[in-house]
Amino acid sequence: MAEATKPKEAALPPVQDLTICDSTAKMLTKARQDGVVTAFDRAAAMKPCPIGADSACCKHCFMGPCRLNPNDPYGKVGVCGATADTIQARNFGRTVAAGTAAHTDHGMVMLELFRQVALGHIPEYSLMDTEKLYDLAAELNIATEGRSDQEIALNLADVLERTYTQIEGEIPFAVRVPEKTLETWRKAGIVPRGAMREIMEIMHRTTMGVDQDHTNLIKQISRTALADGWGGSMVATELSDILFGTPKPLQAEVNMGVLKERQVNVIVHGHEPNLIDSMLASVNDPALIAKAKAAGAEGINLVGMCCSGLEMMNRRGIPHAGNFMSTETVLVTGAVDAMAVDVQCIKQGLAAVAECYGTRFITTNPRCHIEGALHIEFDEHDPRFCTDLIVEKAIERFASRKVPVVIPPRVDAGVHGFSHEYINYMLGGTFRGSYVPLNDNIINGRIRGVAGVVGCTNPRTKQDFSHVELTKELIKNDVLVLVSGCAQVAMAKAGLCSPDAAHLCGPGLREVCEAVGIPPVLGLGACVDNSRILTAASEMVRAGGLGQSLADLPAAGCAPEFMSEKAIAIGQYFVASGVFTVFGVTFPTMAKTKFHELLFSGLEEQGMGKWGFAKDPHEMARMMLEHIEKKRRALGLDKGKERVLMDMAERRALEVA
Ligand code: SF4
Ligand code: MSK
């Protein structure tokens with residue numbers, strides 16, 4: 001019997017305590033009736049280890065593992081003498097290293113794909129956004145005069161490769177960091193050289209018997225995280241934009257109702273955008289459509305999930321079926337004929353659930369094989385081989401569907417696909433694109449500040465609940481919210497990514513949203529696209545009036561339902577960049593220890609941001625709003641005069657002037 005169908009022993013929590021997503025709740029109920037176990041129920045049966053959760057254990061050598069008492073952190077030390085602060089800092093550093101490695105490896109794959117496309121080795125792909133190619137070249141001091149797109153792109157690839165491989169100097173996108181923030185980093189000695197160098201050094205320094213001073217370790221931890229945010233992740237996003245197009249707002253549908261009972265349903269789940277266009281070509285191939293029809297289907301329906309889904313939705317408007325905690329339950333519909341996965345956030349449990357419902361579960365990346373999955377490797381040089389075969393496997397399964405199909409009907413429409421370039425354009429207009437109007441609206445108080453709400457869903461907390469409650473509270477208090485990753489999907493399902501959500505805002509933000517025609521919650525893309533928030537924040541500093549460094553901005557970040565190591569790396573790069581960043585669910589430190597205090601207040605004293613933690617979304621909102629108001633006071637904005645917001649007619653008059 002597959003692991004997914006093992007009988008359950010313990011009483012299971014009621015479904016309404018586990019998720020606010022109707023579709024997921026329905027499918028979780030059905031899973032239980034079908035005798036299928038998902039992560040929701042495995043979480044109930046597997047209590048988290050309280051020592052590990054507080055980072056009170058060390059297994060960095062084989063004299064241990066050593067366990068401390070989280071209620072008395074300084075009561076004992078490890079066999080080697082390592083203190084609670086050393087143990088926590090080393091664990092934290094390795095988490096950041098793992099998260100950074102995930103994003104930077106993804107970024108290196110994008111870089112190599114970009115180079116191969118520039119060389120003309122992959123005829124299926126092109127440099128789709130050459131305007132962005134030229135903008136990046138100018139920003140990085142790459143000559144463009146009299147050179148072909150290919151020459152510029154190859155030069156850009158060589159420069160950006162330093163993000164990963166450089167061993168001395170500063171990463172290329174250090175030029176994007178506001179001067180005062182960069183000064184803080186230089187003073188602390190944390191400007192990243194290259195991601196490989198930083199990951200190597202933190203792994204070395206956290207082995208037994210090396211760096212045993214948490215105040216020194218934190219420097220390399222921050223340097224590693226910054227090599228992610230301003231390095232690997234930023235390069236991945238920028239090059240993906242050139243290759244696949246910079247997102248522009250478009251209408252898209254989210255929720256399990258995007259599955260179609262009478263069509264062959266193919267889900268793409270994971271993180272890499274490289275197979276999107278090939279997959280689109282495959283599902284639109286007349287020969288494959290004819291094959292699907294011959295099998296009795298009305299057509300082929302391509303749907304995304306998790307961050308791959310966001311890459312497809314934000315760039316191409318492909319419907320999205322749900323976030324991380326819905327990836328198993330979506331299979332319970334019986335409607336999914338194939339699920340193709342690449343890397344990151346792919347639960348191994350999917351293989352067993354797929355087996356129960358006959359879904360073809362297909363891994364496509366050489367880095368990620370899963371026992372029980374069919375592996376069809378995606379080779380960028382021959383992309384259609386893999387994507388055509390995925391569609392063929394899906395058609396095969398459609399023809400032999402053995403389980404009833406039950407699709408929760410709900411579909412939520414919204415506007416997605418915002419980029420930092422588009423925020424610039426939509427607020428400043430076509431000819432005078434600028435962040436000045438955003439800053440003006442912050443200065444005049446219509447918008448109190450900006451918040452990034454990002455990250456995963458986690459079965460240790462009710463799915464989507466904190467994302468939605470927190471965000472409603474923020475927009476009600478006139479805070480513009482930027483979202484990415486699984487958070488974006490949670491907001492979309494709650495209707496917050498629709499311009500209609502303006503009625504939930506405070507009067508100032510509502511006025512701005514209605515004047516510009518935007519939702520109060522702007523979806524930026526996958527979790528790797530959090531770098532767009534850093535770029536937008538840097539533009540706000542450059543536009544003037546909101547201080548000299550990122551730490552001066554009336555802004556805050558939050559990952560209320562995080563679960564991934566990547567989220568800790570993201571949190572640390574936001575904190576080191578100057579942002580107050582609140583996490584929910586759990587935090588891997590022991591309260592009242594020196595390392596905890598360093599993260600939660602000491603870094604702020606050094607000119608950076610700081611961490612915060614709360615379990616309740618209303619408390620998270622309170623902390624973030626309080627911080628935003630503190631920053632407004634420091635900028636003197638509590639004394640600022642009201643300015644008049646231009647309506648569309650006045651804006652147009654300005655544009656033709
Ligand atoms: Fe224990 Fe020290 Fe070894 Fe960690 S490094 S397992 S604290 S002896
Ligand atoms: S997929 S890292 S669960 S956002 Fe990017 Fe979602 Fe978090 Fe994975």
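**Exercise 1. The largest cavity**

Which residues lie nearest the centre of the largest cavity? Describe the volume of this cavity and the make-up of its lining.

*Solution.* The model is predicted, and every value below is computed from it.

Step 1. Begin with the inventory: the structure holds four cavities of 30 Å³ or more.

Step 2. Identify the lining. It consists of 20 residues, and those nearest the centre of the largest cavity are Val450, Leu482, Ile533, Ala537 and Ala555.

Step 3. Assign the lining to secondary structure. At least two lining residues come from each of β10 (449–453), β11 (479–483), α20 (531–543) and β13 (555–559). The largest share, five residues, is supplied by α20.

Step 4. Classify the lining of the largest cavity: 18 residues are nonpolar, two are polar and none is charged.

**Exercise 2. The second largest cavity**

Determine which elements and which domains contribute to the lining of the second largest cavity.

*Solution.* Step 1. The second largest cavity holds about 140 Å³ of space. Its lining comprises 17 residues, with Gly455, Cys456, Cys527, Ser564 and Lys566 closest to the centre.

Step 1. Three helices, α12 (306–316), α18 (485–493) and α21 (565–577), each provide at least two residues of this lining. From α21 come three residues, the largest share.

Step 2. By class, the lining of the second largest cavity has 12 nonpolar, four polar and one charged residues.

Step 3. Turn to the domains. The protein chain is divided into domain 1 (84–244), domain 2 (256–399) and domain 3 (420–638). Domain 2 and domain 3 each give at least three residues to the lining of the second largest cavity.

**Exercise 3. Domain 1 and domain 2**

How many residues of domain 1 are in contact with domain 2, and how many of domain 2 with domain 1?

*Solution.* Step 1. Locate the two domains: domain 1 covers residues 84–244 and domain 2 covers residues 256–399. Their C-alpha centres lie 30 Å apart.

Step 1. Apply the contact criterion, heavy atoms within 4.5 Å. On this criterion, 17 residues of domain 1 are in contact with 15 residues of domain 2.

**Exercise 4. The largest pocket**

What is the volume of the largest pocket, and which elements each supply at least two residues of its lining?

*Solution.* Step 1. About 1,100 Å³ of space lies in the largest pocket.

Step 1. The lining of the largest pocket has 33 residues; Pro48, Ala53, Asn458, Met563 and Thr586 lie nearest the centre.

Step 2. The elements that each supply at least two lining residues are α2 (39–45), α3, β1, α4 (84–118) and α21.

Step 3. Sorted by class, the lining of the largest pocket contains 17 nonpolar, nine polar and seven charged residues.

**Exercise 5. Backbone geometry**

Where is the cis peptide bond between Gly64 and Pro65 placed, and which loop holds Gln344 and Cys345?

*Solution.* Step 1. The peptide bond joining Gly64 and Pro65 is cis, with omega about 0 degrees. Pro65 sits in the loop between β1 (57–58) and β2 (66–67).

Step 1. Gln344, although not a glycine, has a positive phi of about 70 degrees. Cys345, likewise not a glycine, has a positive phi of about 65 degrees.

Step 2. Gln344 is in the loop between β6 (336–341) and α13 (349–357), and Cys345 also lies in the loop between β6 and α13.

Step 3. Apply the burial cut-off of under 20%. Gln344 has 18% relative accessibility and so counts as buried.

Key. Residues are numbered from 1 along each chain as its sequence is written. Chains are lettered from A and ligands numbered from 1 in the order in which they are written. This is a predicted model: local features need pLDDT of at least 70, side-chain atom pairs count only at pLDDT 80 or more; totals for chains, interfaces and linings use all residues. Side-chain values use heavy atoms; hydrogens and water are left out. Helices (H or I, at least four residues) and strands (E, at least two) are DSSP runs, numbered from the N terminus. Buried means under 20% relative accessible area, exposed over 50%, partly exposed in between (1.4 Å probe, protein chains only). On a 1 Å grid over the protein atoms alone, a cavity is a set of points where a 1.4 Å probe fits but cannot get out, and a pocket is an open set with protein on both sides within 12 Å along at least five of seven lines; lining residues have an atom within 4 Å of a point. Grid points are joined across faces, edges and corners, and a volume is the space filled by probe spheres set on the points. Ala, Val, Leu, Ile, Met, Phe, Trp, Tyr, Cys and Pro count as nonpolar, Asp, Glu, Lys and Arg as charged, and the others, Gly among them, as polar. Domain bounds come from an automatic or database domain assignment.
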